[in-house]
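Subject: Handover of a structure and the findings from it

Dear colleague,

Please find below the structure that I am handing over to you. My notes on what was found in it follow directly after.

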Amino acid sequence: MGILEKISEIEKEIARTQKNKATEYHLGLLKAKLAKYRSQLLEPSKKGEKGEGFDVLKSGDARVALIGFPSVGKSTLLSTLTKTESEAANYEFTTLTCIPGVIEYKGANIQLLDLPGIIEGAAQGKGRGRQVIAVARTADLVIMMLDATKPNVHRDLLERELESVGIRLNKRKPNIYFKQKKGGGLSFNSTCSLSRCNEKMVQTILHSFKIFNAEVLFREDCTEDEFIDVVTANRVYLPCLYVYNKIDQISIEEVDRLARQPNSIVVSCNMKLNLDYLLEALWDALQLIRVYTKKPGAPPDFDDGLILRKGVTVEHVCHAIHRTLAAQFKYGLVWGTSTKYSPQRVGISHIMADEDVIQVVKK
């Protein structure tokens, strides 16, 4: 019996089992087994046969993956937003490999990857689905392209496919401390009251992974699925934007309904509608900021800014300029919204904001 058959057997068993107090440990055990088999499916086989992957060198300040069903307008979006031409036609599977393009926006280079369309069963390897999903795991953000003229069932299908290979969209990592030990059994603690998981469930799940000595601390009320995610430790938490294309073919009420959903953006690639807002939302979701440098006695260099992530300190800025600068740092002068007055003398741990100007003074 192959891994795929085992997975489908367990999925059927979970669907058959009623959910109540008596069956919750049995369900927890099944879910743990399912997670184990799925992670085995993701790992390449040990035989050494090398499948053809999409080797695309990571470049630019951030990487964005375009995921969607065939023929929803991914290639058209890539061609519209970047200078790269990706073949677009009215039939499905026009794109057969990964095509990279670069969006130049606010001085940042954002790499956009046009991936082949995903079909149902991609997680099991149908239609090169595994390579597509492997590239998506390396991205900083996922843009899920959806056809506004089709029912919303596509979105649920795509989310399920990505969920089954360990990609969690718009979720944060569960606040659970987990560490395997050499001995001493299981020590279980929680800093809040747990309503969805208990010590017996944690023990059942860990035993199915053949873990008998561990330290577990729940800092929030998590489900058994979230605990399994922590134990397997191969999950990727990515922000996701749902982009509904072809809005020129539906009613204005429907456009309004789609646009009001969380993390959703409505566009039309053919008529170039709302693409500027898409870029703005992309910039916010990637949490990028620009920091400009200034030499003493000279105006700031606004042409060549440093593109960094939100929450960076002066130390990160020094490393971005030159790796030896942080060691020689004496103090910095900062103009901008992160300071109380301009210019403010700051230390190495000062947090920068968007469009700040910094002058570094060395020892």
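Helices α3 and α9 are roughly perpendicular to each other, a word used for angles of 65 to 115 degrees, while angles under 35 degrees count as roughly parallel, those over 145 as roughly antiparallel and the rest as oblique. Their axes cross at roughly 85° and come within 12 Å. Here an axis is a line fitted to C-alpha atoms, for helices over the stretch in contact, and angles run from 0 to 180 degrees between N-to-C directions. On the α3 side the contact is made by L77, T80 and L81, and on the α9 side by L275, L278 and L279; contact means heavy atoms within 4.5 Å. By class, five of these residues are nonpolar, one is polar and none is charged. In this scheme Ala, Val, Leu, Ile, Met, Phe, Trp, Tyr, Cys and Pro are nonpolar, Asp, Glu, Lys and Arg are charged, and the others, Gly among them, are polar.

Please note that the model is predicted: local features need pLDDT of at least 70 and side-chain atom pairs count only at pLDDT 80 or more, whereas totals for chains, interfaces and linings use all residues. Residues are numbered from 1 along each chain as its sequence is written, and side-chain values use heavy atoms, with hydrogens and water left out.

The chain as a whole

The chain has ten helices and 16 strands. These are DSSP runs numbered from the N terminus, with helices being H or I of at least four residues and strands being E of at least two. Of its 363 residues, 45% count as buried, where buried means under 20% relative accessible area, exposed means over 50% and partly exposed lies in between (1.4 Å probe, protein chains only). Among contacts between residues at least 6 apart in sequence, 64% join residues at least 24 apart.

Helix α3 (residues 74–81) is largely enclosed by the rest of the structure, because six of its eight residues are buried. The buried residues are K74, S75, L77, L78, S79 and L81. What covers them includes β1 (62–68), β2 (99–105), β3 (108–114), β4 and α9 (275–286).

A second pair of helices

Two packed helices are described by the angle between their axes and the distance between the axes. The axes of α6 (residues 199–208) and α7 (residues 224–232) come within 11 Å and cross at roughly 40°. That angle makes α6 oblique to α7. In α6, residues M201, V202, I205 and L206 meet E224, F227, I228 and V231 of α7. This contact has seven nonpolar residues, no polar ones and one charged residue.

Salt bridges

Side chains of opposite charge can pair when their charged atoms come close. The structure holds 15 salt bridges, each being a side-chain nitrogen of Lys or Arg within 4 Å of a carboxyl oxygen of Asp or Glu.

One of them joins D140 and R309, with the closest N and O atoms 3.5 Å apart. This pair links distant parts of the chain, 169 residues apart: D140 lies in the loop between α4 (129–137) and β4 (141–147), and R309 lies in strand β13 (residues 306–309). D140 is partly exposed at 23% relative accessibility, and R309 is partly exposed at 31%.

D229 and R168 meet in another salt bridge, at 2.9 Å from N to O. D229 is in helix α7 and R168 in strand β5 (residues 167–169), 61 residues apart. Are these two residues buried or exposed? Both D229 and R168 are buried.

K171 and E163 also form a salt bridge, at 3.3 Å from N to O. K171 is partly exposed at 44% relative accessibility, and E163 is partly exposed at 31%. A network of salt bridges links E163, R168, K171, D229 and R235.

A residue in β12

R290 lies in strand β12 (residues 288–293) and counts as buried at 10% relative accessibility. Not counting residues up to four places away in sequence, R290 touches K106, W283, L306, I307, A353, D354, E355 and D356.

A colleague
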